[in-house]
Amino acid sequence: MMNETSKKLVKVKDLKTHFPICAGVLNKTVGYVKAVDGVSFSIEAGKTLGLVGESGCGKTTVGRTMVRLIPPTEGTFTFNDEAVFSASSNRMKAIRRDIQMMFQDPYGSLNPRMTVENIIGEALGVHHISSGKERRNRVMDLLDKVGLSAAHLNRYPHEFSGGQRQRIGIARALALDPMFIICDEPVSALDVSIQSQIINLLQDLQEQLNLTYLFVAHDLAVVEHISDFVAVMYLGRIVEYADRDTLYANPMHPYTRALLSAIPQPAPNKEKHRIVLGGEVPSPSNPPSGCPFHPRCPLAEERCKVETQHLIPKGAGGKQQAACWKT
């Protein structure tokens with residue numbers, strides 16, 4: 001487990017989420033898609049963990065499994081010292097007041113038939129927190145927090161830009177005063193200029209409300225700006241974990257090095273070594289033996305093909321961890 005010396009608000013251990021593959025006349029299970037295959041991490045209160053990796057690596061599935069939108073196959077998720085996966089339906093409803101989620105698509109995540117007031121205020125009614133004028137005042141306060149106004153109360157999602165819709169999504173996530181928010185690629189569908197506004201808003205809210213974030217993304221430049229710690233995923237597993245400054249200054253895993261080399265440079269005349277990975281990402285339904293990255297790794301040797309390396313301490317003090325035999 002990572003950074004166990006201090007008290008953690010969020011603790012995920014050995015999380016696995018496998019989806020059955022069914023075939024034949026009898027619809028028998030013939031295999032599994034191992035979307036998440038043994039993920040562990042922890043997050044301190046008030047901090048942000050960036051979870052990064054290529055599309056299809058399982059990072060979104062991790063977030064959806066944590067809030068039980070997808071049932072876990074194995075593993076545990078402990079939130080504020082309470083086991084989430086074993087909680088009853090009634091208890092889970094209470095837990096969801098403290099754990100909220102922001103979704104990637106600012107268009108598809110909002111009900112087009114509901115006004116902004118109803119979208120943000122719906123959870124207040126479900127949890128019997130407020131109604132009538134009190135609820136409307138709460139929604140107006142939330143709109144103000146995210147940079148919108150009371151004039152937007154009776155409008156519908158199609159009347160807003162992508163950035164404004166994501167602000168509505170943030171207001172909805174804040175409605176129940178949560179402690180922990182899972183941000184599932186909240187800026188990937190937005191223009192670059194709008195991305196920075198949303199990131200700055202999330203940081204301001206974190207400072208004001210002492211929020212804890214799991215920030216899921218594939219853009220490492222964005223992750224560097226917002227995260228305190230970074231976990232790099234590949235084919236359902238975390239292959240490197242470190243604090244932000246350490247990981248970006250001295251990546252240990254070959255996959256992390258390749259990802260960082262792909263970040264665009266603001267100075268076009270500055271020479272940069274780009275690491276181009278060969279081959280294709282293996283299928284999570286039939287992952288390679290040994291290290292899952294070895295078919296594409298420039299440092300791979302025979303040992304990598306047969307032995308699976310787990311996260312082990314690297315670098316000074318052992319605070320950085322990487323799942324690699326060679327580095």
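Two strands are said to pair if DSSP finds at least two bridges between them, and the strands themselves (E, at least two residues) and the helices (H or I, at least four residues) are DSSP runs, numbered from the N terminus. The model is a predicted one, in which local features need pLDDT of at least 70 and side-chain atom pairs count only at pLDDT 80 or more, while totals for chains, interfaces and linings use all residues. Residues are numbered from 1 along each chain as its sequence is written, and side-chain values use heavy atoms, with hydrogens and water left out.

**The sheet**

An open sheet is formed by 8 strands in the order β6-β7-β8-β3-β9-β10-β12-β11, and the pairing is mixed. Its edge strands are β6 (99–102) and β11 (312–314), each of which pairs on one side only. From one strand to the next, the twist averages 20 degrees.

| Strands | Sense | Bridges |
|---|---|---|
| β7 and β8 | parallel | 5 bridges |
| β3 and β8 | parallel | 5 bridges |
| β3 (residues 48–52) and β9 (residues 229–234) | parallel | 4 bridges |
| β9 and β10 | antiparallel | 6 bridges |
| β10 and β12 (residues 320–322) | antiparallel | 2 bridges |

Individual residues show how these pairings line up. Cys183 stands opposite Phe215 in β8, and the bridge partner of Leu49 in β8 is Leu214. Gly50 stands opposite Val230 in β9, whereas Tyr234 stands opposite Arg237 in β10. In β12, Gln321 is the bridge partner of Tyr241. Strands β9 and β10 also form a hairpin with 2 residues between them, and Leu235 in the turn has a positive phi of about 50 degrees.

A residue is called buried if its relative accessible area is under 20%, exposed if it is over 50%, and partly exposed in between, with a 1.4 Å probe and protein chains only. How many residues of β8 are buried? The strand is mostly covered, since 6 of its 6 residues are buried. Both of its faces are covered, with Thr212, Leu214 and Val216 buried on one side and Tyr213, Phe215 and Ala217 buried on the other. In β10 (residues 237–243), 5 of the 7 residues are buried, so this strand is largely enclosed by the rest of the structure.

**Helix against helix**

Axes are lines fitted to C-alpha atoms, for helices over the stretch in contact, and angles run from 0 to 180 degrees between N-to-C directions; contact means heavy atoms within 4.5 Å. Helix α3 (residues 116–126) packs with helix α5 (residues 162–174) at an angle of about 25 degrees, and their axes are 7 Å apart. That angle makes α3 roughly parallel to α5, because angles under 35 degrees count as roughly parallel, over 145 as roughly antiparallel, 65 to 115 as roughly perpendicular and the rest as oblique. Val116, Ile119 and Ile120 of α3 make the contact with Ile168, Ala171 and Arg172 of α5. These contact residues divide into 5 nonpolar, no polar and 1 charged, where Ala, Val, Leu, Ile, Met, Phe, Trp, Tyr, Cys and Pro count as nonpolar, Asp, Glu, Lys and Arg as charged, and the others, Gly among them, as polar.
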